[in-house]
Amino acid sequence: MAIVTWDPNNKGSNVTLSSDYLTATIPSFQGVRGSIGKSVGKWYWEVKVISSGNSATIVGIVNSSVNLSSSSDLIGSNARMYYGREGYRYPEGTSYGATYGAGSIISVLVDLDNGTLE
């Protein structure tokens, strides 16, 4: 089984990655993709929030056409995310769950066959 890391060739212009590509420092409204993308099946992963600075952390998924340096792309129809400061799901803008920040571990469950994200 391949180990999934952050993809150094597929990140926002101001995103920095650790040398092992396991830790990402992401400025507001930029993103980074995993090293292995998926288009079918059911998938699960976890993200640990080490620090959220002045802005809350956003965890989610995007399709391959999203510009990871563009805030309008990241909140558009080709992305789904959970915003830590508000506990909201986007782009729906609806209440989803608890707020989160530094020290939180976020579980992501995506079912690409049925179009669901939890």
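My entries below cover the sheets, a pocket and the nonpolar cores.

**Entry 1: ground rules.** I remind myself that this is a predicted model.

**Entry 2: the four-stranded sheet.** I started with strand order. I found an open sheet that runs E6-E7-E8-E9, with antiparallel pairing. Which strands sit at its edges? I noted E6 (58–62) and E9 (94–95), each of which pairs on one side only. I then looked at how E9 is held in the sheet: E8, residues 88–90, pairs with E9 in the antiparallel sense over two bridges. Across that pairing, I see Arg89 opposite Thr94 of E9.

**Entry 3: the three-stranded sheet.** Next I traced an open sheet with the order E5-E10-E11, and its pairing is antiparallel too. Why is one side of E5 and of E11 left without a neighbour in the sheet? E5 (42–48) and E11 (116–117) stand at the edges and have a single partner strand each, so one side of each has no neighbour there. How many bridges join E5 and E10? I get seven, in the antiparallel sense, with E10 spanning residues 105–111.

Entry 4: The lining includes Ile61, Arg80, Glu92, Leu112, Gly115 and Glu118. I checked which strands contribute: E10 and E11 supply at least two lining residues each.

**Entry 5: the cores.** I turned to the largest nonpolar core, which has nine residues: Val47, Val49, Val59, Tyr82, Tyr100, Ile106, Val108, Val110 and Leu117. E10 gives this core its largest share, three residues. Apart from it I found another core, of five residues, with Val66, Leu68, Ala79 and Met81 among them. A general note for myself: in soluble globular proteins, nonpolar side chains tend to be buried together.

**Entry 6: one residue up close.** I picked Tyr100 from the largest core and asked what it touches beyond four places in sequence. Tyr100 is in contact with core members Val49, Val59, Tyr82 and Ile106. Thr57, Ile58, Tyr83, Gly84 and Arg85 are in contact with Tyr100 as well.

Notes:
Residues are numbered from 1 along each chain as its sequence is written. This is a predicted model: local features need pLDDT of at least 70, side-chain atom pairs count only at pLDDT 80 or more; totals for chains, interfaces and linings use all residues. Side-chain values use heavy atoms; hydrogens and water are left out. Two strands pair if DSSP finds at least two bridges between them. On a 1 Å grid over the protein atoms alone, a cavity is a set of points where a 1.4 Å probe fits but cannot get out, and a pocket is an open set with protein on both sides within 12 Å along at least five of seven lines; lining residues have an atom within 4 Å of a point. A nonpolar core is a set of buried Ala, Val, Leu, Ile, Met, Phe, Trp, Tyr and Cys residues joined through side-chain atoms within 4.5 Å. Buried means under 20% relative accessible area, exposed over 50%, partly exposed in between (1.4 Å probe, protein chains only). Contact means heavy atoms within 4.5 Å.
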